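Here are my notes for you on this one. Have a look at the chain first, then read the points with the model open beside you.

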Amino acid sequence: MVPVFPKISLKSEVEEYLRNVFTNRELLATLGSEETEIKFEALLSRLSHPPAFTSVRVNTCLATIGHVKKLLIEEIQKQFKEWTTNSIPVLEHPKLPDVLLIPVIGPRINLHRHSSEVIVGAQCGNAVLRGAHVFAPGILSAPKYIDGKCKRGAKEFTGPKVFVGNGIAELSRDQVFCSGVTLRGIGIRMTEAVYMSPSFDNLLPGFVFLQNLPSVVVSHVLNPKPGERILDICAAPGGKTTHIAALMHDKGEVLAMDKIANKLEKIKQNAKNLQLQCIKAFCYDGTKALDTEGNRDGQEGPPYPPESFDRVLLDAPCSGLGQRPNMACACSLKEITCYQPLQRKLFRTAVHLLKPGGILVYSTCTITLAENEEQVAWALASFRCLQLQQQEPHLGGEGMMGAGLSRDQLKLLQRFDPASVISRDFDVYSSELDLSQQVHLINSANEDTIGFFIAKFLKVDGV
Ligand SMILES: C[S@@+](CC[C@H](N)C(=O)[O-])C[C@H]1O[C@@H](n2cnc3c(N)ncnc32)[C@H](O)[C@@H]1O
């Protein structure tokens, strides 16, 4: 990979912790020290770069994938017409019938760099590399010659920085720093990003939902059926909730919970945009969602009696270290390692709320053992009623060694590992792709994703 960006910047205690995880004794004994070290360095480097594809989920309740694909190709041509005459491929995923993939173009190492510099925060820079424009709140400093006499807002920046692309200012310094109101609109319209992806700001609303590929896999693995009662215990902003409802053809009940009130509005808004009626969202602490008193029978909202749901999704709050691109993470080791107890409390509630014969899917967007394989080992030891299940589709790798799980158990887990990426040696835009190139592209779309983890359990009888 071309080293456009340095590897992800982490606090040294966090990097050390991760190094120990990814060079653990079991891995060292199997792969050897050289390979584990190379893979770990590759991981740190991959994390600062975006995944190779933008994936969008099509709302198949409203339109066919073919129809949306046609609309999307037209929209992308419009957005990209100024800088390329080549057509940008939009691919259908052979294993995910509701996913369209658009290759991310880059890194564009020869991009001419303008001398006038605007500094944005790390989060904003990450969004730019996934196709976003720069929104005003993301701007930290701007040169004095953009326009206006305003003194506030730094005019220079001396900290570490990386070049993410060129754009045109749509607001003056005065408007960004001195208007006295919190601006929400576009501050810089990007014209050339180092990694080019289409902007999905208000693009085909209702028809598409921008969602990382492993996140789309989760709801397919849960495999909800029309008419069932499903609980999504940590649901905001509702990416998976709305996917579950769509897979059920909007028939049945999807109960979505989140602890944070203003995030709940996002679930409701997304359900409304996608015209899904079977979702009901509640602001509630998932750890308290089990009704132990037995007096809530028949109520719509939480807490719920034991064994109320056919399927439960626990897409757990986590350290989020699988997110890409991520140039810098300022979290301390304490912050990174604080999630395991909360995840276990939520898991315990989820198991109790699940009917015998029901399915529980546990997922995270992080790469640590503590929040993934160790949680599975704990769950299997704590709940004899749970059996690990085969996942369909299984597009990621198997679970990582180091948590004491057997080889057969690891095979049932799905870990998307950004370190195991296939590099492509052909230009996706130069010509029509032949079949083997298309297969290669889809394989790289399955591998070059955010870091993610999925486990699927069957509850064979009561807890
Ligand atoms: C990984 S995110 C969920 C993403 C979501 N499933 C989606 O696909 O859009 C985890 C969510 O858990 C919520 N959360 C954290 N602690 C919680 C708790 N005790 N009960 C319910 N939700 C919680 C957070 O507010 C956050 O929105």
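**Notes on the model**

1. Strand 2 (residues 53-58) pairs with strand 4 (residues 99-103) in the antiparallel sense, over 5 bridges. Strands pair if DSSP finds at least two bridges between them. Helices (H or I, at least four residues) and strands (E, at least two) are DSSP runs numbered from the N terminus.

2. Before you go on: this is a predicted model, where local features need pLDDT of at least 70 and side-chain atom pairs count only at pLDDT 80 or more, while totals for chains, interfaces and linings use all residues. Residues are numbered from 1 along each chain as its sequence is written.

3. Is Lys-459 buried or exposed? Lys-459 counts as buried because it has 22 C-beta neighbours inside 10 Å (buried means 20 or more other C-beta atoms within 10 Å, exposed 12 or fewer, partly exposed in between, with C-beta atoms placed from the backbone). Lys-459 belongs to strand 19 (residues 452-459). Leaving aside neighbours within four places in sequence, its contacts include Val-351, Pro-356 and Cys-385 (a contact means C-beta atoms, placed from the backbone, within 7 Å).

4. Now the ligand. There are 18 residues around the ligand, and Cys-234, Ala-236, Gly-239, Gly-286 and Asp-315 come nearest (near means a C-beta atom, placed from the backbone, within 6 Å). Helix 8 (239-247) and strand 12 (253-258) are the elements that give two or more residues to this shell.

5. Finally, the whole chain. It has 14 helices and 19 strands. Its radius of gyration is 23 Å, close to the 23 Å from the globule rule for 463 residues, so the chain is as compact as a globular protein of that length (the radius is taken over C-alpha atoms; the rule is 2.2 Å times the number of residues to the power 0.38). Buried residues make up 41% of the 463.

Methods:
Contact = placed C-beta atoms within 7 Å.
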